[in-house]
Amino acid sequence: MAIPEYWLSYNNGAEKLRFPVPPPVVNVSSPFGNTDIDIVNGKEFTIIGDRGLKEFSFQSFMPRHYNSTYCDYVKIPDPYVFIHWIERWRNSKRPLRFIVTGTNINHAVTVRDFNYDLEKAGEPGDIYFSIVLKEYEFLTLSKKVDVKKPSKPTKPTNRPPVVNKGNTAKPSGTYIVKSGDSLTKIAFNVYKDASRWKDIHNANKKVIGNNPDNIKTGMKLVLPK
């Protein structure tokens with residue numbers, strides 16, 4: 001069975017880094033969003049949610065020199081270059097890809113935590129580190145949807161006050177004056193425009209005379225268009 005290789009890559013694989021010393025163990029945390037609710041009599045009910053994003057954490061070290069006892073390959077990177085690469089990738093605020101060959105671990109990730117000791121006593125140049133990676137989920141945009149601009153709201157029309165309903169008349173060519181009528185009231189009831197009293201007056205001067213207030217109950221008025 002092939003020995004697993006541990007890789008971090010950046011920018012769609014344009015830059016890659018293989019860990020020279022495989023970690024003794026990789027801890028994988030796979031949370032699930034269940035919610036527990038207490039109900040009567042101390043019983044508990046669980047609402048099953050969705051799987052959360054996985055976390056991968058492990059520890060290892062970057063040796064200053066190649067050693068066949070623990071190094072997976074010969075041309076290992078300088079430990080400080082290793083540190084610089086990971087910090088530069090993390091600071092770019094772009095996801096990386098974490099791959100462990102021979103396993104199902106192949107995920108876009110972000111660096112959540114990265115700690116290291118520059119040197120340990122008796123091991124000059126070696127850098128020990130711990131790292132926490134969290135699965136990254138790309139957002140997928142749905143198909144473009146044409147969003148229609150909302151139409152401008154129409155101004156509410158104020159209902160005219162009901163005055164003497166018996167006197168309300170639709171344009172019919174003629175109008176019989178009722179008690180309490182005036183040319184202004186008739187114009188409003190017929191045309192919904194009180195200013196048209198002048199048109200009614202001008203069309204009926206032979207009946208009303210020059211004084212527009214000289215209308216009497218029972219008069220038959222012509223209603224102009």
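Which residue takes a positive phi just after helix 2? Just after helix 2, K192 takes a positive phi of about 60 degrees.

## Basis of the model

This is a predicted model, in which local features need pLDDT of at least 70 and side-chain atom pairs count only at pLDDT 80 or more, while totals for chains, interfaces and linings use all residues. Residues are numbered from 1 along each chain as its sequence is written, and side-chain values use heavy atoms, with hydrogens and water left out.

## Overall architecture

The protein chain contains 4 helices and 11 strands; helices (H or I, at least four residues) and strands (E, at least two) are DSSP runs, numbered from the N terminus. Of its 225 residues, 28% count as buried, where buried means under 20% relative accessible area, exposed over 50%, and partly exposed in between, with a 1.4 Å probe and protein chains only.

The accessible surface of the protein chain comes to about 16000 Å², and carbon and sulfur atoms hold 52% of that surface; the areas come from the Shrake-Rupley method with a 1.4 Å probe, and for residues only the protein chains shown count as cover. Among the contacts in the chain with a separation of 6 or more, 55% are accounted for by residues 24 or more positions apart, a contact being heavy atoms within 4.5 Å.

The buried residues of helix 2 are L183, I186, A187, N189, V190 and Y191, and they pack against strand 10 (174-176), helix 3, helix 4 (205-208) and strand 11 (220-222).

K192 lies in the loop between helix 2 (183-191) and helix 3 (197-203), and its positive phi occurs although K192 is not a glycine. K192 counts as exposed because its relative accessibility is 54%. A second residue other than glycine with a positive phi is N11, at near 60 degrees; N11 is placed in the loop between strand 1 (6-10) and strand 2 (15-18), and it counts as partly exposed because its relative accessibility is 33%. Most residues other than glycine have a negative phi.

## Salt bridges

The structure holds 6 salt bridges, each defined as a side-chain nitrogen of Lys or Arg within 4 Å of a carboxyl oxygen of Asp or Glu. One of them joins the side chains of E5 and R18, at 3.6 Å from N to O. Because E5 lies in the segment before strand 1 and R18 in strand 2, this pair ties together parts that are 13 residues apart in sequence. R18 also forms a salt bridge with D72, the closest N and O atoms being 4.0 Å apart. That pair links distant parts of the chain, with R18 in strand 2 and D72 in the loop between strand 6 (55-62) and helix 1 (79-91), 54 residues apart. E5, R18 and D72 are thus linked in a network of salt bridges; within this network R18 counts as buried at 16% relative accessibility, whereas E5 is partly exposed at 25% and D72 is partly exposed at 28%.

Another salt bridge pairs E135 with R51, whose closest N and O atoms are 3.2 Å apart. Here too the pair links distant parts of the chain, as E135 belongs to strand 9 and R51 to the loop between strand 5 and strand 6, 84 residues apart. E135 is buried, with a relative accessible area of 11%, while R51 is partly exposed, with a relative accessible area of 40%.

## A buried aspartate without a salt bridge

D126 is located in the loop between strand 8 (106-117) and strand 9 (127-135). D126 is buried yet has no salt bridge, and the nearest side chain of opposite charge, R64, is 7.2 Å away; Lys and Arg count as positive and Asp and Glu as negative, while His and the chain ends are not counted.

Leaving aside residues up to four places away in sequence, D126 touches F61, M62, P63, R64, D117, L118, E119 and K120.

## A nonpolar surface patch

I37, I39, F45 and I47 make a nonpolar surface patch of about 350 Å²; patches are made of residues with over 30% relative accessible area and no salt bridge, with like charges joined within 9 Å and nonpolar side chains (Val, Leu, Ile, Met, Phe, Trp, Tyr) within 5 Å. F45 is placed in strand 5 (residues 44-47) and counts as partly exposed at 47% relative accessibility.
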